Amino acid sequence: MFPELNSILSSSPENFTEGEFILLSDRQADASFLIHHYLTFYLRARCRVCFLGLVQSFSHYSVVSQRLGVNLTQAKEKGQLVFLEALKASPGVLLGDESSDKTAALDYLRSPCPELRGLYEFVWNSLSRAGGEDAAESWGPPVLIIDDLSVLLSLGVSAGAILDFTHYCQATICSQLQGSMIALVRCDDEEYDEDEESSNYLLKALSHQCSLSLRVEGLSTGYCRDIHGQVEIWWRGRGMKNQRKIFQYKVHDKGASFFAPGTSRAVL
Amino acid sequence: MHPATLQSLTTHNCVCVRVCVCVCVCVCVCVSPAEEDQNDSYSRLLLQYFLAEGVVSGHQLYLASARDDPDDMIQTELASSSRFGHCYDLSKRMDTQMLQAVQRHTFYPPQEKTDEQTSSLGPYAGLLKSIQTVIHREGFDGSGSEGKVRNVLRLGLHSLGSALWGDDVCFSESPASGHALTTFLYALRALLRSSLSVAMVTVPAHLIQNKAVLGRVVKLSDAAVALESFSSSERQTNPLYSDYHGLLHIRQVPHLNCLMCEAPDNKDLAFKLRRKQFSIEVRNTTVYFVTLPPDDVCVCVCVCVCVCVFYCLGACEGDRCEYLVTGC
């Protein structure tokens with residue numbers, strides 16, 4: 001996790017808001033570094049985490065988390081982390097191999113009209129048993145992390161089905177189980193991606209559902225080696241709690257630094 | 001497996017990387033679409049560089065093309081010289097003995113039997129099945145005998161998305177097999193992640209009607225590069241661009257197994273096709289030539305097999321740097 005981001009968000013593994021739906025998004029940038037932040041954050045906070053790995057393999061997150069000080073393999077063995085290796089299982093399912101994964105979680109690759117009911121049931125089964133009957137350790141609130149939602153659009157799942165899925169997950173995990181949910185949506189420029197099945201449409205709809213939004217964008221002035229982009233953080237509370245702040249950031253090998261616009265070390 | 005090392009040179013404006021392939025960390029994968037220019041000539045050339053590097057390194061090759069017979073494409077491989085490691089001479093053909101020493105697999109749709117397209121892969125189902133079969137049969141996914149010497153599989157997939165593949169994404173804004181290309185790339189990414197292989201894909205971006213599809217293709221790749229050729233645009237007569245044949249845009253830089261990859265100082269690159277080489281240059285700037293000791297090379301890139309579409313060897317001539325594309 002990134003200490004600077006923790007202080008900006010006023011949260012720590014010992015003290016964080018429960019029941020949050022955090023929406024991460026990017027445009028002309030890559031917000032996946034925030035996924036690594038939240039994965040390590042909630043594992044450190046001793047929460048039970050269900051991670052839907054739709055775009056990268058487990059080893060990718062494992063290597064990065066190692067650098068951030070968290071051992072994913074150990075977390076998986078202890079039962080703290082449930083990881084769905086959806087990417088690696090997909091060719092077998094798409095080609096109808098006999099030896100392929102038969103679980104309903106990957107139904108969105110199978111049926112002629114792809115939908116996510118099976119995926120929701122996988123999430124529910126992973127997180128509803130808080131603590132577990134046979135677990136020696138009791139974990140904190142359940143957390144669902146999805147990396148990422150927009151790839152489902154590339155696989156033919158409709159935006160409506162994705163919104164139904166996130167709605168169900170939010171109702172179950174955030175409201176019912178008082179856990180948190182983090183989802184990443186990757187977008188393109190709006191002029192290219194305006195229709196109802198686009199990631200921009202998905203982003204707009206999810207922005208209304210979320211309680212905290214982190215929007216990562218490239219700099220409007222173009223590429224810069226020392227400032228990788230800017231993050232707009234939107235606390236979507238009521239009244240005074242509804243506020244937005246913008247920070248610029250730079251990602252390093254072992255973390256990321258955040259600073260007020262114009263205060264990068266490269267500039268000052 | 002034999003290590004494939006490339007000398008790494010870091011310049012003021014362009015990062016070149018040392019790639020060390022070791023058995024224990026070699027699970028990486030790359031899918032990198034090179035957006036085809038208007039006439040496909042430059043992207044085809046880059047694909048040939050990519051495959052030539054495979055021949056010289058002793059890798060196995062897999063080439064799929066719907067337009068040209070893949071066997072013919074491999075025959076026109078570039079001759080290598082040993083000036084800076086692996087450099088290629090465009091005016092010569094590769095030695096046939098060298099080509100024959102390499103194990104090759106090809107996929108040419110007119111010669112393949114087509115099954116009914118029932119899955120969301122559409123016209124690419126046969127191609128994916130073929131790739132999966134080769135990977136498994138040759139043991140690139142770790143199957144097979146323990147004692148077998150492991151190698152790398154280089155896949156070159158030419159002009160995916162074009163109508164010759166049976167895809168209508170290039171002539172319809174709402175194509176019937178709308179997600180076939182992106183679903184295929186997703187599945188390809190998955191196959192590469194679990195095997196010792198790397199793929200280079202070229203896509204005719206100028207033909208794809210729906211630009212959102214192109215955005216998705218880029219995001220499904222690890223590295224993505226766009227070639228904008230001047231030949232059919234008004235830039236051809238612009239004096240600013242008179243030295244070049246086109247611009248090279250880096251759309252995506254990979255960061256596999258790491259938070260962030262080494263970022264280049266400058267992404268303002270242009271290319272020029274000379275008689276003997278295809279060179280990529282930083283546009284109109286003076287470049288300082290700096291070498292870094294090996295330890296300083298980005299760890300994340302060392303872990304990956306072949307991350308970028310191109311890595312470049314830099315050679316300074318006076319105050320201008322020429323980058324020789326050697327593929328990966």
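Trainee: How many salt bridges does the rule find across the interface of chain A and chain B?

Mentor: Two, across the interface of chain A and chain B. Bear in mind that this is a predicted model. To read such a pair, look for a side-chain nitrogen of Lys or Arg within 4 Å of a carboxyl oxygen of Asp or Glu. Lys129(B) pairs in this way with Asp97(A), and their closest N and O atoms are 3.5 Å apart. A salt bridge also links Lys219(B) to Asp188(A), with 2.6 Å between the closest N and O atoms. Lys219(B) belongs to helix H6 of chain B and Asp188(A) to the loop between E5 and helix H9 (199-209) of chain A, so this pair joins two chains.

Trainee: How many salt bridges are there over all chains?

Mentor: A search of the whole structure gives 12.

Trainee: How many residues of each chain are in contact, and what area is buried between chain A and chain B?

Mentor: On the chain A side 45 residues are in contact with 38 residues of chain B. The buried area is about 3,400 Å², and carbon and sulfur atoms give 56% of it. Leu95(A), Tyr223(A) and Arg225(A) supply 18% of what chain A buries against chain B, more than any other three residues. As for polar contacts, 10 residue pairs are counted between chain A and chain B.

Trainee: Which elements supply the side of chain A that touches chain B?

Mentor: H2, H3, helix H5 (86-94), H7 and E5 of chain A each give at least two residues. H5(A) has the largest share, seven residues. By class, this side of chain A has 20 nonpolar, 14 polar and 11 charged residues.

Trainee: Now the cavities. How many of 30 Å³ or more does the structure hold?

Mentor: Six. A cavity is a space where a 1.4 Å probe fits but cannot get out. The largest cavity has a volume of about 410 Å³. It is lined by 29 residues, and the closest to its centre are Val55(A), Asp148(A), Arg186(A), Arg189(B) and Lys219(B).

Trainee: Which elements supply at least two residues each of that lining, and what is its make-up by class?

Mentor: From chain A they are helix H2 (32-44), helix H3 (58-67), helix H7 (151-154) and strand E5 (180-187), and from chain B helix H6 (211-219). The lining has eight nonpolar, 11 polar and 10 charged residues.

Trainee: Where is Arg46(A), and what is its phi?

Mentor: Arg46(A) is in the loop between H2 and strand E2 (47-53) of chain A. Its phi is positive, about 60°, although Arg46(A) is not a glycine.

Notes
Residues numbered from 1 in each chain as written. Chains lettered and ligands numbered in written order. Predicted model: local features only at pLDDT ≥ 70, side-chain atom pairs only at ≥ 80, totals over all residues. Heavy atoms only, no water. 1 Å grid on protein atoms, 1.4 Å probe; cavity = no way out; pocket = protein on both sides within 12 Å on 5 of 7 lines; lining within 4 Å. Points joined across faces, edges and corners; volume = space filled by probe spheres on them. Helix = DSSP H or I, 4+ residues; strand = E, 2+ residues; numbered from the N terminus. Nonpolar A, V, L, I, M, F, W, Y, C, P; charged D, E, K, R; others polar. Contact = heavy atoms within 4.5 Å. Buried area = accessible area lost by both parts, 1.4 Å probe. Polar contact = N/O pair within 3.5 Å; in protein donor to acceptor, adjacent residues only side chain to side chain.
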